[in-house]
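Welcome to a guided tour of a protein model. Keep your viewer open, and select each stop as we come to it.

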Amino acid sequence: MNKITILFAFLISSLAFSQQQEVNYVVNPCTFLEDDTITLTFDGASIVEADWGISNNALYFWSWSYDINGENLEDAPNNGGWTNSSTQLTYNNGTDTYSISFVPSNFFGRTGSIGRIGFLIKALDGTGDKKSQDILLDVGVSTLQLVLISPTANSIAVVNSGDNLNIAATNTCENNANYILKANNIPIDTQSNILSYSYTDINITETKNYVLEVTTDGVTKTKTFTVLVDPNTQHGAFPAGMVEGINYDSGDPTKATLVLDAFEKDFVYVAGSFNNWQPDANYAMKRDFSKPGRVYWLEITGLTPGQIETYQYWVVDKTPIANSPALVKTADPYSTLVLSPFDDPGIPASTYPNLPPYPTGQEREVTVLQTGKTAYSWVVPNFTKPKKEDLVVYQVLMRDFDQDQNYQDLIDKIDYFKNLNVTAIQLLPNMEFEGNLSWGYNTSFHMALDKYYGTEAKFKEFIDLCHQNGIAVILDVVLNHAFGRNPMNRMWMDDPDGDGWGSPSSENPYFNQVATHSYSVGEDFNHQQARTQNYVQRVLKHWIEEFKIDGFRWDLTKGFTQNCSPSNEGCTNSYQQDRVDILKEYADYAWSLDETHYVIFEHLGSDTEEQQWANYRIDEGKGIMMWGKMTDQYNQLTMGYASNTNISRMGHLSHGFTGKRVMGYPESHDEERLMYKNLQFGNSSGSYNVKDLNTALSRMSALGAVSLTIPGPKMIWHFADLGLENSIFTCNDGSVNVPGGSDGDCKLDTKPQPQWVNNWLGNPNRNQIYNDWSRLIKLKTAEAVFEGNYSIETGSSNLTPKIYIWDDALQSTDLKNVVILSNFGLSAQNITPNFPYIGTWYDLMDNTTMNITSTTASISLPAGQFRIFGNKASTLSTDDFKTVLDVAIYPNPTSTSFQINKAVESVSIFDLTGKLLKTYSGSFTKEHTFDVSTLPKSLYLVKAINNLGEVSTIKLIKT
């Protein structure tokens, strides 16, 4: 068969652009078998080498094959990289074409089974990016290779109302075919038994979606393209009180007003389910030409109250700058719920029941609009937050908290948090992020909940339940950056390959093209831009007012400066006045919405700059809380090494802060687990070995004693209270990849959850940490002295740190002095407490007494242990420190066995001297029978623990 000469495009009086480029090509012979030598030739005129970053005509062939059933995809075995000479296309200078020849069976390494081959072409550095569209060729049956010459396939042409559009196509197999052209699903032209097709659609006055259907020898193929009519944007006075995003009408649930800031754009259509995704002039957004900028708005009417609708903005720039798209289809930047074709299929129905389906035929995220939605009825409409000084924050990544990975898991475990006595829960980012299994710091839509964790109603239920139990809820908010799906990035982006993704262009009014700090992640917001500041304020307002969020932990605040560069870490870490000022303004705005709102910065910077925030408005009871990383120092203590053990910066005094505004922590989501390093690198001496699991666990209670008690807010990373030892670098399969490994470090991988599967609360060694920390936290939050002054006797080589806490304003009859002793050494130590005065002192863990006759008399403290003494007994009863399980046993008395009326995880039987006689371990259902027939007749104590660590001790009479 003769080689086909490609037809060149007809001229059209329009602007045409494609979301993904289709390259014109010819295959010779047109019909071929897997053992034939075939030549593919690509038209250089349809390839924009400069936009693809190509030099010296270096294009590469990426291909794959299917079996005769269209299944069993296999890549060509020599596609290991585009630098492979066998996959580089030959450039034919005289004809401006590219070509490659091969035998499919040899090339794909499969014989007797190839039914279809697929391919695309890429630039050398095009890893992961499709530079051309996928092309599929049938083996042995095809007599139709359809090429749409004008417009290009999948393109969208912008025309003025009344313009004509020339449409041209051909079958490069040189067989005549039948052509049917449809516009908005209505046939407008039919031509039969021809090789090449040509038609002019005249006087176009509305947006049209075209489909060209071509059939020959029983084979039908289609090409699609779209025409947008420039609506000549109409003036409309901007409605009063409207803000960007969706504006619902409280008095009329049949309408909503959409507002979009489309800086420098020429016109915008709203396409959605309410117009069958075919917007006409009625859905062209209006502009108020009397106002500066280009803020577009449109009132959508005829909506059904309560009905789910979806929409996108089709944003057009008729004269875009180089490499920027003329059209961007995007969800609303201010979406509160988006549907994603990428992520939604992976969301379990049990987590998000009745998830609205993604609209067929669309691409990328769409916004959900729903009028007349029933408001959530809050049980606690006005929550009184714990004082900042009483904050003990429990940091949680929902993905790794429990197996269902959703809000219901947290709701079901509310007693776990309550019994631990934490006063706040901080969630890692739960705003719409890219993918499902993520830490959440790759946020794209800051006002939308990520659906992978559950519904809006379920999240509000969780917040409400926390508030009912006196627990505040803090969100981790990521406003240093956004990722590629973010609409404000995509509307002004560089997209040289036309695939609909890119980084900010020079026109972008929200983002920097190059990060102005050395900790660049995603696309970097410019916080000196008024638009960015408005966006941040809207985000804060949404979560504070709609969800009653009590505070924000601001991620990566070092990135809020405009003064540095990616390579200058010294600049980034030094004092920056613009960063100080803008973050104060954001704090002021949050406090204007909620005067007791928690503002927490993850800055980890110099004291000079942090003092500006920590001391800001402190006389009003405000002040910004600063994250205080102390992982290395505390881990040295728990491992038992006498170096780098100075823990003084766990409190505010060594930072120079006026108020107690250091949220210190030994562990966070971003640091290695202390227990992992204890077991891997712990010190040892004689029989005492920190690498032993139970020994390492026994040291974690002391960690809580010298960290949680220091005045000021403190933080716990989830399951440190149970001694979780899984490395932060644990992979999905349970293995551990160290940083810098060839397989990646697995830091972001989903982690196993042995704490529930293995019932750690029923494990006495782990439960001891939980109960001790629970007591320490209750002391901290209930006893006034822990808001007083403090001093820490510590040092770089001190394994026996001591903490003194006092409040001279309290009465002598009050608990006004506390002395905390610890021994992180490897053997018992005689420690001099230096009590402030002699007399009776009380062990605050159980209120037992000790008569002190000399303030310099030493106390022997075993390795890995602590003591916490007060001048008075705690006003809390011993029961305040216990998590009590309300159970009954029967029959009682008994001669042979007994049952318990609730499910339990372990049962222990003691004699009256406290000697352990029997232990039953396992998941026991209620009314399980426990055999005591071998016990002598006597009185016994039965201790039962359930799966939440709640404990009950009951007397049992054995007859």
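What volume does the largest pocket have? The largest pocket has a volume of about 1300 Å³. A pocket here is an open set of points on a 1 Å grid over the protein atoms alone, with protein on both sides within 12 Å along at least five of seven lines; its lining residues have an atom within 4 Å of a point. Grid points are joined across faces, edges and corners, and a volume is the space filled by probe spheres set on the points.

Before moving on, a word about the model: it is predicted, so local features need pLDDT of at least 70, side-chain atom pairs count only at pLDDT 80 or more, and totals for chains, interfaces and linings use all residues. Residues are numbered from 1 along each chain as its sequence is written, and side-chain values use heavy atoms, with hydrogens and water left out.

**Stop 1: the largest pocket**

Select Tyr 248, Thr 336, Lys 373, Glu 456 and Glu 546: of the 41 lining residues, these are the closest to the pocket's centre. Next, colour helix 6 (530-547), which gives the most to this lining, with 6 residues. Helices (H or I, at least four residues) and strands (E, at least two) are DSSP runs, numbered from the N terminus. By class, the pocket lining has 18 nonpolar, 13 polar and 10 charged residues. Ala, Val, Leu, Ile, Met, Phe, Trp, Tyr, Cys and Pro count as nonpolar, Asp, Glu, Lys and Arg as charged, and the others, Gly among them, as polar.

**Stop 2: the largest nonpolar core**

Now select Phe 417, Phe 459 and Trp 554, which touch the most other members of the largest nonpolar core, a set of 188 residues. Helix 8 (residues 577-593) gives the most to this core, with 8 residues. A nonpolar core is a set of buried Ala, Val, Leu, Ile, Met, Phe, Trp, Tyr and Cys residues joined through side-chain atoms within 4.5 Å. Buried means under 20% relative accessible area, exposed over 50%, and partly exposed in between (1.4 Å probe, protein chains only).

Zoom in on Trp 554. Leaving out residues up to four places away in sequence, its contacts (heavy atoms within 4.5 Å) include Val 477, Leu 583, Tyr 586 and Phe 601. A second, separate core has 26 residues, among them Phe 32, Ile 47, Ile 54 and Ile 100.

**Stop 3: Gln 312**

Is Gln 312 buried or exposed? Gln 312 is buried, with a relative accessible area of 0%. Find this residue in strand 23 (residues 309-316). Show the side chains of Gln 312 and Trp 314, which are joined by a polar contact of 3.5 Å.

**Stop 4: the cavities**

A cavity is a set of grid points where a 1.4 Å probe fits but cannot get out. There are 3 cavities of 30 Å³ or more. About 170 Å³ of space lies in the largest cavity. Select Asp 400, Arg 673, Trp 717, His 718 and Lys 751, which lie nearest its centre among 17 lining residues. The second largest cavity has a volume of about 60 Å³, and strand 42 (residues 714-717) gives the most to its lining, with 3 residues.

**Stop 5: Thr 959**

Finish at Thr 959, in the segment after strand 57 (951-958). Thr 959 is partly exposed, with a relative accessible area of 42%.

Terms used. A polar contact is a pair of N or O atoms within 3.5 Å; within protein, one must be able to donate a hydrogen and the other to accept it, and residues adjacent in sequence count only if both atoms are side-chain atoms.
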